[in-house]
Every structure is written in structure tokens, then in C-alpha cells.
Amino acid sequence: METLQQLTRRQIDALRSIGTQETPERGVALKSTALSLKVRPPSALGYLSPLESMGLIVRHRGKSRLTARGRATLTEYQRHHRVAETLFGSLGLPPAETCAAAREIDLALSHRTVEEVCRAQRHPSECPHGAPIGPCRTTDPSHTPPRHPAPGTAL
Ligand SMILES: [Zn+2]
Ligand SMILES: [Zn+2]
Ligand SMILES: [Zn+2]
């Protein structure tokens, strides 16, 4: 199962809040994560522990930071979320409502399905709120298409 599909809504929210609050110098205190999720610290810790076991964050002296894998997972999440928003937008939902609707499905979709949806929408470059949608991993000439490595090239 893909990483996003293993995460709960609260876990991805915790991961996102660490991603926005951490600085190059400092990780994020449990208290700050708890505050931004509007829960008590023990509950916040309950979201962080699985993220740590999955290798998405590291915790050191009570401060959390994203790992490279955690950052990549956030990037994937943004793609899923923004493509889903665009889908609901194309179905007629006003932009203000697409965000909440997208949150109902963005974790459940596989990368493959997100790419299918993205292709069906002709690879939008941004979500209804103007946030950029990164490239698909398909061979479609789209957004800023990623180059497939030449045969024999290590990736
Ligand atoms: Zn949104
Ligand atoms: Zn695309
Ligand atoms: Zn958006």
C-alpha cells in the first residue's frame, strides 16, 4: 500500500504542520504540533509516533523534523489534494468548497488514479486556489514533463 493510503487524516495534518513550522535550525515542539491540531499533547504524540515508525519524521529531544521521505510524502499529498480540488472544481463546486471535498478523498486515492484524473483534466498547472500542481510521472507531454531516464541510467 502506498504511504499516503496508510495515513490517517490527523497524521497527515500533523505531518503538514511540522512541514510548515520547522526551520533549517529548529524542529517543532510537541506543544506546537498539538496547538496547531487543536488537541492535547498526548493526542498529538499519538499521531507523531506512527509517522516516526514509518520514517517520515525524526524526533530528537522532543522536537520533530521531516525526513527526506516525509518531505516527499508531503509533496505527493499536495499533488493528490490539488488534483482532487481541480476535479471537484470541474464538476461545478465553487473554489471555496473544493478544498473540504478534496480532503474527503485525497488520502484514499492511489498515485495512479491521481494521474488518471490529472490526465483527464488535461494536466492543470494549478488548483482552484492558484497553488501549483507539480508534474505527473507519466510520459504525457504535460505540465513540466519529467524525463524518463535513458535506458541503463541509474535513477
Ligand atoms: Zn485545499
Ligand atoms: Zn498531470
Ligand atoms: Zn487549492
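The lining of the second largest pocket divides by class into five nonpolar, four polar and four charged residues (Ala, Val, Leu, Ile, Met, Phe, Trp, Tyr, Cys and Pro count as nonpolar, Asp, Glu, Lys and Arg as charged, and the others, Gly among them, as polar). This is a predicted model, in which local features need pLDDT of at least 70 and side-chain atom pairs count only at pLDDT 80 or more, while totals for chains, interfaces and linings use all residues. Residues are numbered from 1 along each chain as its sequence is written, and side-chain values use heavy atoms, with hydrogens and water left out.

The second largest pocket holds about 210 Å³ of space. A pocket here is an open set of points, on a 1 Å grid over the protein atoms alone, where a 1.4 Å probe fits, with protein on both sides within 12 Å along at least five of seven lines; lining residues have an atom within 4 Å of a point. Grid points are joined across faces, edges and corners, and a volume is the space filled by probe spheres set on the points. Of its 13 lining residues, Glu76, Arg79, Pro135, Cys136 and Arg137 are the closest to the centre of the second largest pocket. Helix α5 contributes the largest share, five residues (helices are DSSP runs of H or I, at least four residues, numbered from the N terminus).

Turning to the largest pocket, its volume is about 310 Å³. Among its 14 lining residues, Arg16, Thr20, Leu74, Gln78 and Arg82 are the closest to its centre. Here α5 again gives the most, with seven residues. Domain 1 (3-71) and domain 2 (74-120) both supply lining residues, so the largest pocket lies between them; the domain bounds come from an automatic or database domain assignment.

How values were computed:
Chains lettered and ligands numbered in written order. Helix = DSSP H or I, 4+ residues; strand = E, 2+ residues; numbered from the N terminus.
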